[in-house]
Amino acid sequence: MEKQFLEMITMHKATIHKVSRLYRDSPEDREDLFQEIVLQLWLSFPKFEGKSKQSTWIYKIALNTAMACYRKKHIILSFTERLPDQEDSNIDCENREREQQLFAILKTLNEGDRALLALYFEDFDYREMAEITGLSENHIAVKMGRIRSRLKKH
């Protein structure tokens, strides 16, 4: 079981880093959140029945953990104009700048909207997003329309 878990974490660690980056600014806070997500995945792993894709299950746990930790600790977040150091140093400057702009805009959204956009950017369909978030597909469609309208203003 441990080997399967470690393989799954290795395969999906970019997803966990992405969620950590959406919800924490400093490298230390992102690393703490990353570790908390991995812990929650480990604790939930015996219950994973494979009824959904691993990526769906991981996103659900990661987002729930990020939002629960956010609420629980009442961490004071400070937002900067630039994003902290990147995990992938191979990203060219133009892509890095665009990515920084995107994350800056995403940080203006509330945590639920950020979660939906993270799933959307990962090509999850509304059904999968509903499974992860517990919202109905119709509710997600309405929220995504509102999010798109807000993002167009930026």
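The crossing of α1 and α2 is right-handed. This is a predicted model, and the exercises below start from that crossing.

**Exercise 1.** Work out whether α1 and α2 are parallel, antiparallel, perpendicular or oblique to each other.

*Solution.* Two packed helices are described by the angle between their axes and the distance between the axes. Here the axes of α1 and α2 come within 9 Å and cross at roughly 140 degrees. Roughly antiparallel needs an angle over 145, and roughly perpendicular covers 65 to 115. The two helices are therefore oblique to each other.

**Exercise 2.** Find which residues of α1 and α2 meet, and sort the contact by class.

*Solution.* Start on the α1 side, where the contact includes Phe-5, Ile-9, Ile-16, Val-19 and Tyr-23. On the α2 side, look for Arg-30, Leu-33, Phe-34, Ile-37, Val-38, Leu-41 and Trp-42. By class, this contact of α1 with α2 has 11 nonpolar, 2 polar and 4 charged residues.

**Exercise 3.** Decide whether Thr-15 is buried or exposed, and find its contacts beyond four places in sequence.

*Solution.* Thr-15 is found in helix α1. Its relative accessible area is 12%, and buried means under 20%, so Thr-15 is buried. Beyond four places in sequence, Thr-15 is in contact with Ile-58 and Tyr-59. Tyr-59 in turn touches Thr-15, along with residues including Lys-18, Val-19 and Phe-124.

Key:
Residues are numbered from 1 along each chain as its sequence is written. This is a predicted model: local features need pLDDT of at least 70, side-chain atom pairs count only at pLDDT 80 or more; totals for chains, interfaces and linings use all residues. Side-chain values use heavy atoms; hydrogens and water are left out. Contact means heavy atoms within 4.5 Å. Helices (H or I, at least four residues) and strands (E, at least two) are DSSP runs, numbered from the N terminus. Buried means under 20% relative accessible area, exposed over 50%, partly exposed in between (1.4 Å probe, protein chains only). Axes are lines fitted to C-alpha atoms, for helices over the stretch in contact, and angles run from 0 to 180 degrees between N-to-C directions. Angles under 35 degrees count as roughly parallel, over 145 as roughly antiparallel, 65 to 115 as roughly perpendicular and the rest as oblique. A crossing is left-handed if the near helix is turned anticlockwise from the far one by less than a right angle, and right-handed if clockwise. Ala, Val, Leu, Ile, Met, Phe, Trp, Tyr, Cys and Pro count as nonpolar, Asp, Glu, Lys and Arg as charged, and the others, Gly among them, as polar.
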